[in-house]
Amino acid sequence: AARTWRDGLEVAGRFTPFCARATVLRRRPADLAEVQLQARFYGVGVIVVDGQSTEVLVEPAPFRRHRFTAAAWRFLEEVYRTVQ
């Protein structure tokens, strides 16, 4: 969650190597076209939660793993061992 969409994009961008990203806003931004342009460029989803309603302004880009780490490899091995 973020107070402004710019802050939300910045914070969500920190998680780029790990997962799909989205930011949640409490109200619809006034400069909607700018928000959508920036969010799509960076692949960050924008969701507005206003009281009881939820509106997805921009879908988050799907996560694509660009590299494997030793920890990720071990995690996959543990999952595989558990499933068998």
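Reply: The bridge partner of V49 in β3 is T54. The model is predicted, so local features require pLDDT of at least 70 and side-chain atom pairs pLDDT 80 or more, whereas totals for chains, interfaces and linings use all residues. Residues are numbered from 1 along each chain as its sequence is written, and side-chain values use heavy atoms, without hydrogens or water.

Me: In which sense do β2 and β3 pair, and over how many bridges?
Reply: Strands β2 (residues 44-50) and β3 (residues 53-58) pair in the antiparallel sense, over five bridges. Strands are DSSP runs of E with at least two residues, helices are runs of H or I with at least four, both numbered from the N terminus, and pairing requires at least two DSSP bridges.

Me: What lies between β2 and β3?
Reply: Two residues separate them in a hairpin, and G51 in the turn has a positive phi of about 70 degrees.

Me: Now V58: which residues does V58 contact beyond its sequence neighbours?
Reply: Leaving aside neighbours within four places in sequence, V58 is in contact (heavy atoms within 4.5 Å) with Q36, A39, R40, V44, G45 and V46.

Me: Changing topic, what is the order of the elements?
Reply: From the N terminus they run α-β-α-β-β-α, with three helices and three strands in the protein.

Me: And what are the spans along the principal axes?
Reply: The C-alpha trace spans about 50 × 25 × 15 Å.
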